[in-house]
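Good morning, everyone. Please have a look at the structure on the screen, and then I will walk you through it.

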Amino acid sequence: MSRDLAIVLPVLIPIATAAITACLWNSHVAQKRVGLVSLFALLCSSFYLLAIVADAGVVAKQFGAWKAPFGISFVADPLSAALVTISGILGFCVGVFALRDVSARHQRNGFHPLYHGLLAAVNGAFLTGDIFNLYVWFEVMLVTSIGLLVIGRTRDQVAGALKYAALNLFGTILFLSGVALLYGATGTLNMAHLAQILPNTQMSPGLMASAMLLLCGFAIKMGLFPVFFWLPASYPSAPIAVGALFAGLLTKVGVYAAFRVFTLLFTVEASGLRETLAVIAALTMLVGVFGAVIQWDMRRILTFHIISQIGYMLMGLAIATPLALAGGIFYVVHHIIVKANLFLLAGAIYHASGTHDLRKSGGLLRSHPWLAVLFLIPALSLAGLPPFSGFWAKFLVIDATMRDGAHWLAAVALLAGILTLFSMTKIWNEAFWKTPALVRKQPRRVPMAFVAPIAALGAITMAIGLFAEPFVTYSRAAAAVLVDTTAYVAAVFPAPAISSLGGM
Amino acid sequence: VTYFFAAAVAAYMAGGIYMMLSRHAVRMILGLALLTNGAILLIFFSGRMDSTQPPVVPLGGTILDADAANALPQALVLTAIVIGFAMTAFTMVLALVAGKMSGTLNTNKMSDFDLPASKDKSPNKVVKSS
């Protein structure tokens with residue numbers, strides 16, 4: 001298999017599967033089988049891409065053999081490759097969970113084509129090297145995710161989806177306007193080409209406006225402090241498998257885009273956004289965690305914690321030293337696994353106790369002790385207790401913040417960590433520990449298709465926590481590529497072309 | 001002429017944002033459509049506008065003439081128009097379904113799902129998800 005193909009496969013496989021499953025519209029069994037085979041192929045191909053990138057550094061592919069600034073390029077650097085691998089793992093695990101969780105009605109409404117379409121869009125956004133192409137992937141992601149959100153056709157889902165659609169559409173329009181201004185100022189859309197031109201360009205009002213518009217667009221996608229309202233309105237109403245995929249991947253695409261644009265094109269220092277980003281990060285952490293405190297539905301608690309956790313990742317970007325960026329990348333990888341796992345657990349707990357309301361459930365420690373163990377792994381990891389992955393993620397980010405002298409930000413992060421622990425304790429007390437309001441004569445069994453992915457994701461969390469070293473080294477290497485853009489540019493523009501095209 | 005174009009984009013954007021702030025679902029979506037069109041015009045105007053020379057390499061030459069029109073913004077705009085139209089149509093259908101289900105087009109009254117459940121309210125509000 002050639003190297004070019006390896007970059008394209010993570011998008012090609014799911015998009016082809018979306019088409020095939022759409023053709024098999026009337027046969028749910030066939031859709032399920034094709035989907036599962038494809039998810040496994042996606043998992044393998046994403047690991048293959050990771051191996052190539054770990055071996056050869058940044059690799060790029062030009063579509064249609066058009067030379068770099070003229071065609072669309074796909075670029076896989078260590079950050080993209082890691083995120084593609086994580087989304088491959090998550091796509092497979094959630095796909096297995098969905099075997100039992102997704103009902104026949106959801107499948108009749110097109111669950112499988114939408115699921116694979118969403119995975120294709122997410123991988124496309126991670127891999128593209130062209131900023132207008134990124135906009136297109138954002139829109140594909142938006143339309144497939146709305147389709148998944150309203151798959152049950154309940155009133156709450158449709159009303160939530162309308163808010164989700166309106167705010168996210170607004171975000172992509174801001175992003176598109178930013179791209180338009182950027183194109184007007186530089187005359188190119190290729191990110192590697194922009195990375196060559198922008199450092200030599202005076203920061204004009206147009207460019208500044210472009211940077212701000214891009215940031216606002218990504219902020220809506222990420223669910224940052226003032227613009228996160230679409231998130232708690234929509235995620236909890238979705239079916240659990242869909243919610244887990246959303247919680248793991250969607251907001252992280254926004255985080256990835258912000259990491260990419262504000263290291264490769266603009267830098268946090270040069271655009272003077274550092275203080276703004278730091279304050280937004282602090283407020284996002286606090287508001288998210290306080291929002292979770294008053295909730296009694298486990299899915300809502302988790303949704304608010306997504307918002308809070310995004311703050312930690314943004315903190316890495318705001319500090320923007322190589323150490324902080326490495327911490328941010330490690331955080332994203334750890335968070336995708338842990339948060340999706342907690343959503344799946346919310347589904348398993350619902351299955352075991354028959355209610356989403358924590359006040360009504362209870363006693364699961366007695367009836368499902370292994371479920372309690374599986375819950376503790378991601379829950380304590382989310383709160384940042386050693387020896388789980390969250391401890392290292394928080395440690396790296398907060399350590400980098402302290403080294404940079406932003407002690408107040410580190411203090412806020414620690415406070416948000418304690419409050420996260422409080423929320424997790426609440427779920428533990430209510431769902432597992434207390435005597436249930438209504439004692440069941442026969443315990444409800446949780447199907448194997450639920451337990452296996454939860455256990456697999458828990459094992460990955462444990463692995464990251466106990467053998468953190470290779471993951472930290474990899475994050476540092478990925479951050480080094482982000483800070484020093486020459487490797488990225490050189491992959492897109494093979495050596496002799498740089499000087500002749502630089503002045504276009 | 002540049003200022004005229006800039007004013008046109010500004011008018012689209014301002015009208016779009018004003019409409020978007022409405023609680024009425026249809027008005028909000030029309031506002032989004034206006035905003036999309038504003039962004040599309042912005043892309044269109046950010047290319048070179050003044051040239052009418054077709055972007056064709058002259059016979060025997062290897063590069064374009066210096067005053068050739070820029071074809072790229074038109075390709076971008078075409079993509080953005082198609083996507084924008086599809087999204088507008090899609091959200092319109094969403095609003096229609098939401099309006100039918102809840103009997104109102106006021107986005108605040110469609111569902112109380114995203115409000116925190118209070119103590120006295122029955123917790124049966126949870127939607128069946130399986």
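Let's start with charge. Chain A carries 30 positive side chains and 16 negative ones. The centres of those two sets lie 16 Å apart. Keep in mind that this is a predicted model.

Now the overall build of chain A. There are 22 helices and 2 strands. Along the principal axes, the C-alpha atoms fill a box of roughly 75 × 55 × 40 Å. What would a compact globule of 504 residues have as its radius of gyration? The value would be near 23 Å, and chain A has 22 Å, so the two agree.

How much of chain A is buried? Of its 504 residues, 64% count as buried. Next, the contacts with a separation of 6 or more. In chain A, 82% of these are between residues 24 or more positions apart. And the outside? The accessible surface of chain A is about 16600 Å². Carbon and sulfur atoms make up 70% of that surface.

Let's zoom in on one residue, Phe259(A). It sits in helix α11, residues 240-265 of chain A. Is Phe259(A) buried or exposed? Its relative accessibility is 3%, and the cut-off for buried is under 20%, so Phe259(A) counts as buried. Which residues does Phe259(A) touch, leaving aside those up to four places away in sequence? They are Leu79(A), Met313(A), Leu317(A), Leu325(A), Gly328(A), Ile329(A) and Leu482(A). Take Leu482(A) from that list. Along the chain, Leu482(A) and Phe259(A) are 223 residues apart.

Next, the backbone. A general point comes before the examples. Most peptide bonds are trans, and most residues other than glycine have a negative phi. Now look at some cases in chain A.

First case: Pro386(A) and Pro387(A) are joined by a cis peptide bond. Omega there is about 5°. Where is Pro387(A)? It is in the loop between α16 (369-383) and α17 (389-403) of chain A.

Second case: Arg153(A). Its phi is near 55°, a positive value, and this residue is not glycine. Arg153(A) is in the loop between α6 (131-149) and α7 (155-186) of chain A. Its relative accessible area is 54%, and exposed means over 50%, so Arg153(A) is exposed.

Ala320(A) lies in the loop between α13 (298-319) and α14 (322-353) of chain A.

The area buried between the two chains is about 4100 Å². Of that area, 73% comes from carbon and sulfur atoms. Three residues of chain A deserve a mention: Arg155(A), Leu162(A) and Tyr183(A). Together they supply 16% of the area that chain A buries against chain B, more than any other three residues.

Last stop: Val1(B). You will find it in the segment before α1 (2-20) of chain B. With a relative accessible area of 75%, Val1(B) is exposed. Compare its position with that of Thr36(B).

Methods:
Residues numbered from 1 in each chain as written. Chains lettered and ligands numbered in written order. Predicted model: local features only at pLDDT ≥ 70, side-chain atom pairs only at ≥ 80, totals over all residues. Heavy atoms only, no water. Helix = DSSP H or I, 4+ residues; strand = E, 2+ residues; numbered from the N terminus. Rg over C-alpha atoms; globule rule 2.2 N^0.38 Å. Buried < 20%, exposed > 50% of the residue type's maximum accessible area, 1.4 Å probe, protein only. Contact = heavy atoms within 4.5 Å. Areas by Shrake-Rupley, 256 points an atom, 1.4 Å probe, with all protein chains shown as cover. Lys, Arg positive; Asp, Glu negative; His and termini not counted. Charge placed at Lys NZ, Arg CZ, Asp CG, Glu CD. Buried area = accessible area lost by both parts, 1.4 Å probe.
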